[in-house]
Amino acid sequence: MTWIPGEVPPADEMTADWWEATREHRLTVQACTACGHLQHPPRALCTGCGDTDHLVQQAVSGGGTVDTYTVVHRAPRPDVETPYVVARVRLDEGPILLTRLPSEPSIGDDVTVAWVDLPDGRALPVFNPTTEETS
Amino acid sequence: MTTGVAIVGAAESDLGMTGRSILGLQTQAVTRALADAGLTLADVDGIATTGVGRFSATQLADHLGVVPTWTDSTFAGGSAFEMFVARATQAIRDGQCTTVVISFASNQRSARSRRLGGVFEPWVPEAQFEEPYDPLYPASYYAMATQAYLHRYGGTREQLAEVAVAAREWALLNPAAFRHEAGSITAADVLDAPMVSSPLTVADCCLVTDGGGAVVLTSLDRARDLRRTPVEVLGYGERTTNTSFTTVDDLAVPGAAGAGTDAFRRAGITVADVDVLEVYDSFTITAALSIEGLGFCGPGEVLDLIADGRIRPGGALPLNTNGGGLSYCHPGQYGVLLLVEAVRQLRGECGDRQVAGAEIAVAHGTGGILSTHATVVLGAAR
């Protein structure tokens, strides 16, 4: 992908663990150990049960399916090449991520996480079609 | 049923490409709506508006020289004005104020202030987790909802294009419409227009124009002594569903449903009672999902419902009779103009585009990325 992401804001206390894991190319979602709810992005409370004290970042498999997508033909900022594919990927564990795909998919396609490194050492999860090698 | 509150004045500011300032257009809209009602600024003790600045209602009150006993600047995008009708109705019933002006104006076309991205404050989650992927805001969300809906139900882009085709037919009947003299369009024209965020082309997207409008509300008792046929607020409802691109689990399910259910229940009507329907059409899909969510058809049926000229002039379900955001005017937050057109239809003032005998109108606003949904049911009180 010939895509150079724009500037990504710094993490805050809610999102620091998620971003730290991206430095090692580990994809996580927030889990509530009180009720088992999974959520993304990370929050200061569990939207399932309201608990504020049992939230952890938990590793996920990195697999998911394409929920829906669009091919963007107009650049929202300078220095971004068009066209490109923005998609919602539903992780196998449930939460949905906004992301990019390398080419136009079909809804329901299986995809697997890949990473685009940021200059500050963090990384953005993107997804590729799942092949036998990656599954 | 009635809430005991009525809209007694309605007006547009200048529209299109005005070269005017936001407050200049706001002042036009407010003073014209008051003149329409036969009232003056001295009567106004309630102000609801957005888009003026950080302190929108405060700013407008100061500019107009009014010291309100009630204000509201709820920022919910294009549906805020339908929400304001609910809030204003409650405030008038409660006695906090007697006469409310709800207004909006934008000079976004003249000022070239519309952007495709970069809308999130850096401290909100979307800035960290969504904006880095460069979705167009809001177009890419509506595009993904379209993709999900068409995939789910097997509809086509051609069917969806009817929303834009019908809007143009209405605009040809409205001298104030930006596309009044642009001629008819076909579904093929919509599909062949430049792609913005697939499957939505430029012709699936609303206009980017200057413009604004205002409506004046007071008690129905007082309304009966004023010059215009009162338009009663019969019911209202709203839902707020998301700011994120990923909160809503299923983009093929319209968020308008709860808002419509509440509004129709309060009004004591069903969809069969609705003579005129003014729904937010920031994109073709916005209108389609709203019509379905409001219950005018079952899940997956809206593309069949809007076919065969039903939403065009002379059709059984007159939709966006001014030409809508797609062909009339879209100043960024279009919701106040839904109300203006609904009022005019109920008063029978719409000339060539008048829906004969319109007694009940529904205005339904949508804000953000299918984020906020607000419905108002209005009735002529002859």
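A residue is buried if 20 or more other C-beta atoms lie within 10 Å of its own, exposed if 12 or fewer, and partly exposed in between, with C-beta atoms placed from the backbone. This is a predicted model: local features need pLDDT of at least 70, side-chain atom pairs count only at pLDDT 80 or more, and totals for chains, interfaces and linings use all residues. Residues are numbered from 1 along each chain as its sequence is written, while chains are lettered from A and ligands numbered from 1 in the order in which they are written.

**View 1. Chain A holds one helix and eight strands.** Helices (H or I, at least four residues) and strands (E, at least two) are DSSP runs, numbered from the N terminus. The order along the sequence is α-β-β-β-β-β-β-β-β. Of its 135 residues, 34% are buried. The C-alpha atoms of chain A fill a box of roughly 45 × 30 × 25 Å along the principal axes.

**View 2. Helix α2 of chain B spans residues 56–64.** Its buried residues are S56(B), A57(B), L60(B) and A61(B). Seen down the axis of α2(B), they fall within an arc of 125° (taken from the directions from the helix axis to the C-beta atoms), so they line one face of the helix. Their cover includes α1 (22–37), β2 (46–49) and β3 (70–72) of chain B. Just after α2(B), G65(B) has a positive phi of about 75°.

**View 3. L378(B) and its contacts.** Two residues are in contact if their C-beta atoms, placed from the backbone, lie within 7 Å. Not counting residues up to four places away in sequence, L378(B) touches residues including I7(B), V231(B), L346(B) and A363(B).
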